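Here are some notes to read alongside the model. Have a look at the picture, then go through the points in order.

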Amino acid sequence: MIRAILRAQWLSMRTFRLASSRRGAAFSLLTGIIWYGFWAFLAVVAEELTRSAQLREKIQAGLPFGLLGVFAYWQLAPLASATMGASLDLRKLLVYPVPRRALFSVEVMLRITTCAEMLLVLAGASAGLLRNPAFGAWRSLPRVLPAMALFVAFNLLLSAGLRSLLERLLGRRHIREVVVLLLVLVSSLPQLLAISGVPMRHFRQLFSASRNPFWPWVSTANWLLGAHLGSGAAVLAVWTALAYAFGRWQFVHSLRYDVEEAQATAAGAKEPSWTERLYRLPSLVLPDPLGAIVEKELRTLSRTPRFRLVFIMGFTFGLIVWLPMALRGRPAHSALFENFLVVVSLYALTLLGQVTYWNSFGFDRSAVQVYFSAPVAISRALAAKNIAAAIFIFLEIAAVAAASTLLRMGISPAKIAEAFLVTAIAALYLLGLGNLSSVYYPRIMNPQRVSAGGAARRTQGLLFFLYPIALLPVLLAYLARYAFKSQLAFWAILALAAGLGAAIYAMALDSAVHAAHRRRETILAELSRGEGPVVAE
Amino acid sequence: MLDAAPAIAVHDLRKLYGDNAAVDGLNLVVPRGCFFGFLGPNGAGKSTTIRMLTGLIPPSSGSIELLGMRLPEQELEIKKRIGLVPDESLLFDRLTGAEFLEFVGRMYGLARPVARERSRSLLDLFELLENRKLIAEYSKGMRKRVAMAASLIHHPDLFLMDEPFEGVDAVGARLMKDILTDQVRRGATIFLTSHVLEVVERLCDRVAIIDKGKVVREGSMDELRGGTESLEDVFVRLVGADREFHELEWLK
């Protein structure tokens with residue numbers, strides 16, 4: 001049965017690949033090479049660090065922390081990037097007499113989609129240890145292999161359980177926003193504690209191998225290095241068993257979870273009139289069809305769980321960065337602090353990209369045909385979607401700026417204006433590229449699901465390499481300000497960046513419009529396609 | 001001159017996917033004010049034809065004229081006068097029915113107050129006015145009703161409809177049929193596909209049956225039936241015989 005499910009998924013993906021354009025496949029290949037190339041490089045670094053006999057003591061001290069890093073990335077990165085990887089579409093599979101054990105096995109295997117990069121790093125570290133004479137070199141194979149395998153199994157099982165739990169919590173109306181806030185708080189807890197004055201040695205003691213041999217990363221390290229072999233293996237086995245029980249328990253709960261019931265609106269529910277007025281504001285200044293599309297985008301995006309999650313993350317991460325500083329009093333006037341509002345604004349701009357401009361038609365799915373069947377130029381649709389994205393980005397900046405002002409962070413109106421202006425200029429480059437990406441690489445996004453799939457994460461990974469390039473003109477303006485200590489240099493380069501950005505945006509929009517006409521059939525097909533038994537957006 | 005032209009004139013229309021012809025040299029003329037049924041088995045090329053007529057996909061070759069205007073040259077002018085109910089949902093799930101209709105009205109150039117007023121009237125007509133839920137929570141039949149209402153909001157001259165009655169209950173289907181009949185009475189043209197042959201038989205003046213991308217029969221309803229057969233008999237005879245399922249021993 002497992003093979004049947006995986007084969008159905010393979011066939012679905014194969015059909016999709018055949019139908020999609022070569023350009024899309026090339027883009028997918030490129031993202032894969034860059035993303036996994038980066039992690040392969042880190043794997044080589046891990047191999048280099050762990051194979052030297054001279055580094056024996058450093059390896060003994062550092063390996064638990066390295067494994068802690070792997071554990072943290074494995075469990076937290078999917079949350080921080082809102083990309084929890086592929087998962088079974090249980091609605092399609094529950095009608096068949098498939099044992100729960102089989103479904104759970106597939107679900108656990110699918111967790112590899114969120115952590116293939118960690119497997120690379122662990123493989124690199126294992127290879128290094130197997131070549132290190134200080135730890136027995138190849139003779140340690142019977143020890144290293146099962147230790148690594150069990151550590152991987154522990155992480156897979158735990159992430160399967162966490163994913164099921166979070167997917168349900170984040171799928172519930174009203175609860176999901178609270179959960180996001182809690183997640184953000186938890187993930188920024190170390191920074192909060194560090195800034196609030198808790199000495200770092202307390203952290204080191206908490207995670208130190210000698211004092212706490214019961215942590216899974218410590219027991220794994222002990223097993224790998226041959227120290228406390230029996231206890232290390234036993235502790236890790238207990239952790240893995242606990243992770244298995246947790247994963248199964250959460251998975252069984254998810255089988256009974258009805259996403260539509262959890263997200264249903266109350267009968268006759270009506271939004272407050274002030275939101276209705278807000279939605280209509282753009283139509284006061286924009287003529288139809290531009291105004292109509294912007295209004296529609298504001299309504300649909302603000303009601304989309306996935307968008308709301310990302311929007312809240314952008315806002316709260318921004319605030320949480322500020323809050324510890326407020327608690328501690330005014331920090332020194334470092335360059336980073338002085339420009340923090342700009343940094344937070346650019347962060348919001350990049351984060352919102354995944355649910356707005358990089359794939360503008362993703363949430364519309366098959367309804368994208370409205371833009372092709374109505375008497376509206378596609379350039380208007382793209383421009384309107386860009387305007388809507390810009391409105392949300394500016395709302396995010398306004399919210400962070402307002403909160404910072406309330407916290408008496410001493411942000412001047414000039415700094416707030418600078419943040420808006422710089423973000424607007426950077427947005428010209430990113431929206432231009434986003435329009436091209438939206439028509440050349442459209443893909444369906446499920447508005448009900450709060451997270452994206454594994455491929456989306458890889459794409460985001462690539463985008464994080466591209467962002468610095470797209471933001472380069474703006475960064476050059478700041479470089480000029482600090483290199484020449486001149487406001488004039490800053491504003492002059494910023495003006496140049498704005499002019500260049502406007503030209504690039506116009507050219508990219510024009511090119512995207514032509515591509516949309518040429519590729520409309522592919523776009524419609526991509527955004528109307530069905531999915532296999534595994535949801536991997 | 002334009003008003004004298006047929007509602008749809010298609011000449012040697014082809015749509016190729018690699019070596020496979022989804023539509024293979026289609027010739028079709030649909031007169032104005034006609035209720036036209038476009039029938040065919042699954043995969044015959046009906047939806048592909050409608051998609052080409054609406055400009056959603058470009059043809060590989062051939063010509064299309066709608067309401068006397070050529071596609072794609074006069075695409076925007078044509079689109080203004082077409083009402084579309086496609087097979088794939090064109091509804092935005094995160095809008096309410098009222099918001100969606102108002103949006104569509106504005107996309108077709110109606111002023112907001114007009115679009116809102118028509119949206120209310122249509123929702124009232126389709127018994128959806130009191131329903132303030134998002135379209136994502138609508139049933140299949142309710143979604144079809146909204147799609148039908150959206151095709152009416154700008155008062156088009158030509159309706160292109162792909163299985164408009166699919167999933168709609170008997171009351172809703174009756175209402176939709178009455179509205180469409182009334183539209184034909186005022187001079188509009190309906191071009192629809194449906195697998196419910198009884199409905200086509202009752203509503204349509206003319207019918208074309210398509211198989212493997214080619215029209216295999218076209219004519220008025222009386223011409224097709226020849227006075228003795230039902231439309232279903234004609235359809236089955238033209239596009240395929242009864243399948244012999246008794247050969248499957250394990251199914252007995």
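1. Which residue stands opposite Ile190(B) in S8(B)? Phe35(B) does. That residue belongs to strand S3 (residues 35–39) of chain B, which runs parallel to S8(B) and is joined to S8(B) by three bridges. Strands here are DSSP runs of E with at least two residues, helices are runs of H or I with at least four, and both are numbered from the N terminus. Two strands count as paired if DSSP finds at least two bridges between them.

2. A word on conventions. This is a predicted model, where local features need pLDDT of at least 70, side-chain atom pairs count only at pLDDT 80 or more, and totals for chains, interfaces and linings use all residues. Residues are numbered from 1 along each chain as its sequence is written, while chains are lettered from A and ligands numbered from 1 in the order in which they are written.

3. Back to strand S8 (residues 189–193) of chain B. Strand S7 (residues 158–162) of chain B also pairs with S8(B), in the parallel sense and over five bridges. Here Phe159(B) has Ile190(B) as its bridge partner. S8(B) is mostly covered, with five of its five residues buried (20 or more other C-beta atoms within 10 Å of the residue's own, with C-beta atoms placed from the backbone). In a regular strand, side chains alternate between the two faces of the sheet. In S8(B), Thr189(B), Phe191(B) and Thr193(B) point one way, and Ile190(B) and Leu192(B) the other.

4. Chain B also has an open sheet of four strands, in the order S2-S1-S4-S5, with antiparallel pairing. Its edge strands are S2 (20–30) and S5 (69–71), each pairing on one side only. From one strand to the next, the twist averages 25°. Within the sheet, strand S1 (residues 8–17) and strand S4 (residues 61–66) of chain B pair over five bridges, and Ala9(B) has Glu65(B) as its partner in S4(B).

5. Now the helices. Helix H3 (residues 97–107) and helix H5 (residues 140–152) of chain B have axes that come within 9 Å and cross at roughly 25° (axes are lines fitted to C-alpha atoms, for helices over the stretch in contact, and angles run from 0 to 180 degrees between N-to-C directions). That makes H3(B) roughly parallel to H5(B), a label for angles under 35 degrees. The contact (C-beta atoms, placed from the backbone, within 7 Å) is made by Gly97(B), Phe100(B), Leu101(B) and Val104(B) of H3(B) with Val146(B), Ala149(B) and Ala150(B) of H5(B). By class, these are six nonpolar residues, one polar and no charged (Ala, Val, Leu, Ile, Met, Phe, Trp, Tyr, Cys and Pro are nonpolar; Asp, Glu, Lys and Arg are charged; the others, Gly among them, are polar).

6. H3(B) also meets helix H4 (residues 112–125) of chain B, where the axes come within 8 Å and cross at roughly 135°. Residues on the H3(B) side include Gly97(B) and Leu101(B). This contact divides into six nonpolar, three polar and five charged residues.

7. Finally, chain A. It has 25 helices and two strands, and buried residues make up 43% of its 537 residues. Its contact with chain B takes 29 residues from chain A and 28 residues from chain B.

Terms used:
Parallel < 35°, antiparallel > 145°, perpendicular 65-115°, else oblique. Contact = placed C-beta atoms within 7 Å. Buried ≥ 20, exposed ≤ 12 C-beta atoms within 10 Å, placed from the backbone.
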